[in-house]
Amino acid sequence: MTDAEPEGLSQEDYATLCGFLRDRTGLSFTEAKRYFVDRRIAARMQAVGATGLRAYLNLLRFQASGEELQRLVNLMTVNETYFFREKYQFDCLVNSVLDELVRGRPKGSRLRIWSAGCATGEEPYSIAIMLLENWRRVDDYEIELLASDIDSAVLERAREGIYDERALQGLPAHLRAKYFQPLRGAAEAGGPRWRIVEDLRESVDFSLVNIADPQQVRAFRGIDVIFCRNLLIYFDDLGRREAASMFYDALAPGGFVCLGHSESMSRMSSLFVPRRFPDAILYQKPADGGGA
């Protein structure tokens, strides 16, 4: 075994590390992820000169800046997404959900939409485009688009708003022409790339948030719609239940949660009412549920 490829973690050390990551981030790594975790931990331990897992965990726990924990989180997260992914849920938002939410609200009142686990920004920007293109009442309300992720590196990319062909593959040509600008010289640097227009970049408020940390999510209250798609599959059962409870507290009465197509709130929490719309199933906080 060379210095460049340190020996993998023992069973006990792996369990200790996974427990630490679960407590700090909500992310759950099973034995099936062992190779993935071993390689990334070995790389970070070597980079900081840690002599063993105990020393490395002490650094993660007690480093005042939290810089190393953030670097490790950035390595451990998977951020595969693209524009208009599972578009039927965006259709549901503009065709059914928003009209129900604003019923009885005066013009000029606020609507808050939160993309939790936004990765490189395709989801919140897709929401913005859908609202502008397909919701006739978009100018009647003050719409606040919030987006968060635990990975600081992908948030920087989201704020930059630069995307390649793969990310834009599901976007109709007329929308690409309307909301994206081609970057000159990008083809020579690894393929064509486009940047989303400045007005859309400024319409989304991106922030670094660990949804497993109650202190960090406390600022999210009075939310009307939460998109949390294909994130909770990385949590264990306890983590999912805790996340569902957090979403319940964050939502305004009558607000909605939108999950990924393979996720079901009924397996996590009984707090929400399933709502079947023509385009999709969402989960609603009862209007008399209190909260924000």
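This is a predicted model: local features need pLDDT of at least 70, side-chain atom pairs count only at pLDDT 80 or more; totals for chains, interfaces and linings use all residues.
Residues are numbered from 1 along each chain as its sequence is written, and side-chain values use heavy atoms, with hydrogens and water left out.

Figure 1. Ala119 sits in the loop between strand S1 (110–116) and helix H6 (122–134); helices (H or I, at least four residues) and strands (E, at least two) are DSSP runs, numbered from the N terminus. Ala119 has 7% relative accessibility and counts as buried, where buried means under 20% relative accessible area, exposed over 50%, and partly exposed in between (1.4 Å probe, protein chains only). Look for Asn230 in the loop between strand S7 (223–228) and helix H11 (237–250). With a relative accessible area of 15%, Asn230 is buried.

**Figure 2. Where domain 1 meets domain 2.** The protein chain splits into domain 1 (11–76) and domain 2 (87–285), with bounds that come from an automatic or database domain assignment. Their C-alpha centres are 29 Å apart. On the domain 1 side, nine residues are in contact with 13 residues of domain 2 (contact means heavy atoms within 4.5 Å). The size of an interface is often given as the accessible area lost when the parts come together. Here the buried area is about 940 Å², with carbon and sulfur atoms giving 45% of it; buried area is the accessible area (1.4 Å probe) that two parts lose on being put together, summed over both. Within domain 1, Arg22, Gln70 and Asn74 lose the most area to domain 2, together 44% of what that side buries.

**Figure 3. Arg22 and its salt bridges to Glu242 and Asp236.** Side chains of opposite charge can pair when their charged atoms come close. The rule (a side-chain nitrogen of Lys or Arg within 4 Å of a carboxyl oxygen of Asp or Glu) finds two salt bridges across the interface of domain 1 and domain 2. Arg22 meets Glu242 at 3.2 Å, N to O. Arg22 also pairs with Asp236, again with N to O at 3.2 Å. Arg22 is in helix H1 and Asp236 in the loop between S7 and H11, so this pair ties together parts that are 214 residues apart in sequence. Arg22 is buried, at 13% relative accessible area, whereas Asp236 is partly exposed, at 25%.

Figure 4. Arg105 is partly exposed at 26% relative accessibility, but Asp224 is buried at 3%. Arg229 belongs to the loop between S7 and H11 and Glu123 to helix H6, so the pair ties together parts that are 106 residues apart in sequence. Both Arg229 and Glu123 are buried.

**Figure 5. Ser126 in helix H6.** Ser126 counts as buried, at 1% relative accessibility. A polar atom of its side chain lies 2.7 Å from the backbone oxygen of Glu122. Setting aside neighbours within four places in sequence, Ser126 is in contact with Phe83, Phe84 and Phe90.

**Figure 6. Ser207 in strand S6 (residues 204–208).** Ser207 is partly exposed, at 22% relative accessibility. Not counting residues up to four places away in sequence, Ser207 touches Ala147, Ser148, Asp149, Leu155, Arg159 and Phe220. The C-alpha atoms of Ser207 and Glu156 are separated by 9.8 Å, and these residues are 51 apart along the chain.

Terms used:
A polar contact is a pair of N or O atoms within 3.5 Å; within protein, one must be able to donate a hydrogen and the other to accept it, and residues adjacent in sequence count only if both atoms are side-chain atoms.
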